[in-house]
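Welcome, and thanks for opening your viewer. Let's take a short walk through this structure, one selection at a time.

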Amino acid sequence: MIELKLRSILKQVKSESPQKRLEAFQQLSEYKHQEGLEVQIDVLMDMIKTAASKFPERVDNWDNPSFYLIDFVCDFPMPEVVEGLLKHFDGLDVQAKERAIETLLTTEDEEIFYVLEEKIIGLIQTEDFFIPVKDLEPYPMLIKGILDKTLEHLNTKHYKFMLYDLLLSLNSSGLEQGYKKEVILQTLLEDYQAEKQAYLKFDADFTSKYVYTAWKDSYFVLRSRMRLFISLMEYYYSTDMGAELEQAMSFRDPFIKTEALIISIAKNLPYNQNTLVEVSNQIESAEMVYWELKERNLEHLYPITKEKQPHLAKSRLFSTIINLPEEEEGVIRFPEDIQIIDKIDTENTYGQPIRYYLLSFLHIGTRYAGWAGGYALEDGDDTAELWDGSYTDFVEFDKASIEEHKAAFFKKRAEEKQEHETSVYFESSPRLSKGAWFFLGLAVVNWIREAVGGFSEDSIPYLIVLTVIGGAVCLYELTRNKKRAIQVVGRQLVMKDGSKQHEIGIHEIKKVEYNKKHVLVYDKKNELAFKFPLRWVRYDLFYVHMMEHTDHLKDRPFIQS
């Protein structure tokens, strides 16, 4: 049924009517967000071909059939789709190409990467293309190949900061620190000094409250660029850069100040201990200082040595609240006077000990309750490591006692746990076997042949018997398949086969492998927990879901790709 609807959409996106195209995009978006959707490969291939074809003239930015079709198809990254994306890549709209590149990168295939390098370089040379910097980060060799051929675009408005991001990623990877230093050093210094002049217009009046309640987006862009340039100074250093770092440590923005401080510490440059104490106590930057030092094995320099955890909990709640999505236009969230009230020691869903802090904060004259945590107590009583579950429901603090706030916390956790453990995040049932399709196809072919050549008396009984057999086989398999399924339910991988059911906790899986016939699931003892026929799942989708549901585990299982 879904295939018929998608083929109808393929016709609609070609319509001369913008309204019909818009309706097609809306329908496609609804299907895209439908859980557990499976689509036949021939339809997906037709969508790629259509995406690479010509469309009516666009009437607005939203009117981009090529992008919408590829965005849908990329949710099914099976080998045939990858092959189709490569084959028809050149015919796609530039936005569709950007989406296709994101998917092609996930293949981690060396031959595909050679093609991607060539395609990305070509796009940078000819289009206003948005480089997928975050997706490229894990692949420094690919980044280097791109930079080797496109570095002259560092002087262009469109590509400047994307290329600087790639440069930082390449240097941070350790593959080639100080890459083309003689070319980049002067350009970086000039670009930083230009950005610094824009920043200095804000510095005298800087307060964190202004940043989040008045300056907002325009300032966030400026702050991000300043931090990027300062981060690059670790790899592109000169005496002039040293002077810039020294000045930046006196700026009032705690993030920019911290960035300059950390680079100075890393390069054994002079710095003021009072500056380190200041940014470590600033609510915006407290966590940043700690984690930046820890990443460089300099955690011992963090000046807050006692009750580090409650101190960082305040910073965590602050960042949680300011990063909440704006639900109402004009509502500005800026928590003030954050205080630790109490704490709760409990366990996470895997039975590991964790701690949450009950805090209160002021927001537009009203004091509310909030929670920060959960801190992983297995790593120590004052650890900064946490399984982040910080939140606020903006419940007025004085409307309940501390014990009532705690009771509400446990009730919320119990409800979320119940919802999570009963939620089906993935489900797949067996498709009809080749034998069933053979009988069904044989019956259809013979009916068509007889209809074209004229029915004979002898053929009718034969066709009826063939149809009955084919129908019976299909009905039998469909009936059985309704009771067969592979599911990810909450924290469990479940196999249902009629009245039998096998399950294993996601965190108890050591590895998942497959061969030509079966998928095999092993437990932590490396013993086979259970296996199921490969045809019960579309393995590429099963792989994606298993990776998503195990990425938070410290001891992550091996999932064969």
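**Stop one: a lysine with two partners**

Begin by selecting Glu403, which is exposed, with a relative accessible area of 52%; here buried means under 20% relative accessible area, exposed means over 50%, and partly exposed is in between (1.4 Å probe, protein chains only). Before going on, please note that this is a predicted model, in which local features need pLDDT of at least 70 and side-chain atom pairs count only at pLDDT 80 or more, while totals for chains, interfaces and linings use all residues. Residues are numbered from 1 along each chain as its sequence is written, and side-chain values use heavy atoms, with hydrogens and water left out.

A salt bridge here is a side-chain nitrogen of Lys or Arg within 4 Å of a carboxyl oxygen of Asp or Glu. Lys406 and Glu403 are three residues apart in helix H18, so about one helical turn separates them. (Helices, H or I with at least four residues, and strands, E with at least two, are DSSP runs numbered from the N terminus.) Is Lys406 buried or exposed? Lys406 is buried, with a relative accessible area of 16%.

Next, select Asp342, which also has a salt bridge to Lys406, with 3.0 Å between the closest N and O atoms. Because Asp342 lies in strand E1 (residues 336–347) and Lys406 in helix H18 (residues 402–422), the pair ties together parts that are 64 residues apart in sequence. Asp342 is partly exposed, at 25% relative accessible area.

Select Asp191 and Lys160, whose side chains meet in a salt bridge (3.1 Å, N to O). Asp191 belongs to helix H11 (residues 181–203) and Lys160 to helix H10 (residues 160–173), so this pair ties together parts 31 residues apart in sequence. Both Asp191 and Lys160 are buried. In total, the structure holds 37 salt bridges.

**Stop three: an open sheet**

Finally, show the four strands that form an open sheet with mixed pairing, in the order E10-E9-E8-E11; two strands pair if DSSP finds at least two bridges between them. The edge strands, E10 (528–533) and E11 (558–559), each pair on one side only. Strands E8 (residues 509–514) and E9 (residues 518–523) run antiparallel and are joined by five bridges. Which residue in E9 is the bridge partner of Val512? The partner is Val521.
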